[in-house]
Amino acid sequence: MKKKKMNMKMRRICNLMNVFMGLSMSLVLSLTGTLLSGHFSIVSYLISFAISFVISLIIGAVLPMKPISDKVCEKLNAPIGTFKYKAISSLISDIIYTPVMTLIMCFSMVTISGMMIDKQVAELDPQIEDLTTQVTTLKNSVDNKKNRYIEQTNQINAKKEEYENAQKELDGLIAMQDELTAKLDELTPQIESLQTKIDNEFDAATKSSLEFQKQELDTQAEELESQISDMKDQVNQMKVRVNTLNRGVVQMNYKATEPEQDSQISEIEKLQGQLNELTAKKEGMLAGRPSFASEILRSLIVCFIVGYILIIIIQPLYLGALMKHYGLKLNGDPIEEEFVRE
């Protein structure tokens, strides 16, 4: 009866040891794994801890740690309670617990971190798209204003050229008009002189000759006057055209003021800087996304060392405290030694 009661106590101790060791290993190894990943967060740590704790309980329920370690220690001639026993039993527990827990933690950490990075990237994408749209819109606005100004400038230059050609044509018409007027001015004294001679001439033949000459000069004068009249009409029409072209040039110059683009260019540079910053942030997130293959080996090595140190320190403490709680002794108790041998 006493032996049966002792066995029940020891089973309870073993079960509690599995829970306490699993809890401690999960707390420490989960923290180690998330810190090693470089993507520590409370959420990923708690999820990794919960998963690893459940796995540790399953391992403890499936594999009886103490009987396994005791058998190995017995084969290696390591008596219970010695440092050699503690070192070997801790190593056995570390070999059983750490690889499985590390694999699970590493996988969960990589998955959770990847999901968090994807979420952050998904939050950045609309901002990047919005900034890209704003930059494109402003650039198009600046380009449109610039192109419109260039087009207006070309139209002004064409209108100026047309005005200058019309002015040259007007100057030519005025020169021709002045030339015809000068010729008419030359004919007028000649006609007046002939008329005087005619009035004073009594010889019929001479008078007839003079009248014939005057008639020719009158004809030339009439032709010149007709040409001058036509030329005046052309000059007036050309003046109207020149004035119209000149007003058109003035109006186009007034409308075609060079656009002030400094503020828009400054805004584009500001938005482009924000866009570059967000794009670099996104690329940095994607580049820093953890990979299971690259993380697992380092995590296994570090967690194996940390786990061994943790087990060799806390396992005797938990065992001693539980043995004391249930009124058992770790050394010198024949009942406990009998249980161990079983």
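A residue is called buried when its relative accessible area is under 20%, exposed when over 50%, and partly exposed in between, using a 1.4 Å probe and protein chains only. The structure on display is a predicted model, in which local features need pLDDT of at least 70 and side-chain atom pairs pLDDT 80 or more, while totals for chains, interfaces and linings use all residues. Residues are numbered from 1 along each chain as its sequence is written, and side-chain values use heavy atoms, leaving out hydrogens and water.

Please select phenylalanine 49, which counts as buried because its relative accessibility is 18%. Helices here are DSSP runs of H or I with at least four residues, numbered from the N terminus.

**Second stop: an aromatic pair between helices**

The whole structure holds 2 aromatic pairs; rings of Phe, Tyr and Trp (its six-membered ring) pair if their centres lie within 6.5 Å, and the planes are stacked under 30 degrees apart, edge-to-face over 60 and tilted otherwise. Select phenylalanine 20 and tyrosine 318: their pair is tilted, with 5.5 Å centre to centre and 45° between the planes. Phenylalanine 20 belongs to helix 1 and tyrosine 318 to helix 7, 298 residues apart. At 30% relative accessible area, phenylalanine 20 is partly exposed, and tyrosine 318 is likewise partly exposed, at 26%.
The other pair is that of phenylalanine 49 and phenylalanine 53, stacked at 6.0 Å centre to centre with 15° between the planes.

A nonpolar core is a set of buried Ala, Val, Leu, Ile, Met, Phe, Trp, Tyr and Cys residues joined through side-chain atoms within 4.5 Å. The largest has 26 residues, and those touching the most other members include Ile13, Met17, Tyr97 and Met323. Helix 1 (2–37), helix 3 (65–75), helix 4 (83–200) and helix 7 (292–325) each give two or more residues to this core. Isoleucine 13 touches Leu319, Leu322, Met323, Tyr326 and Leu328, leaving aside residues up to four places away in sequence; contact means heavy atoms within 4.5 Å.

Select asparagine 18 in helix 1. This residue is buried, at 15% relative accessible area. Asparagine 77, in contrast, sits in the loop between helix 3 and helix 4 and counts as exposed, because its relative accessibility is 60%. The phi angle of asparagine 77 is near 60°, a positive value in a residue other than glycine.
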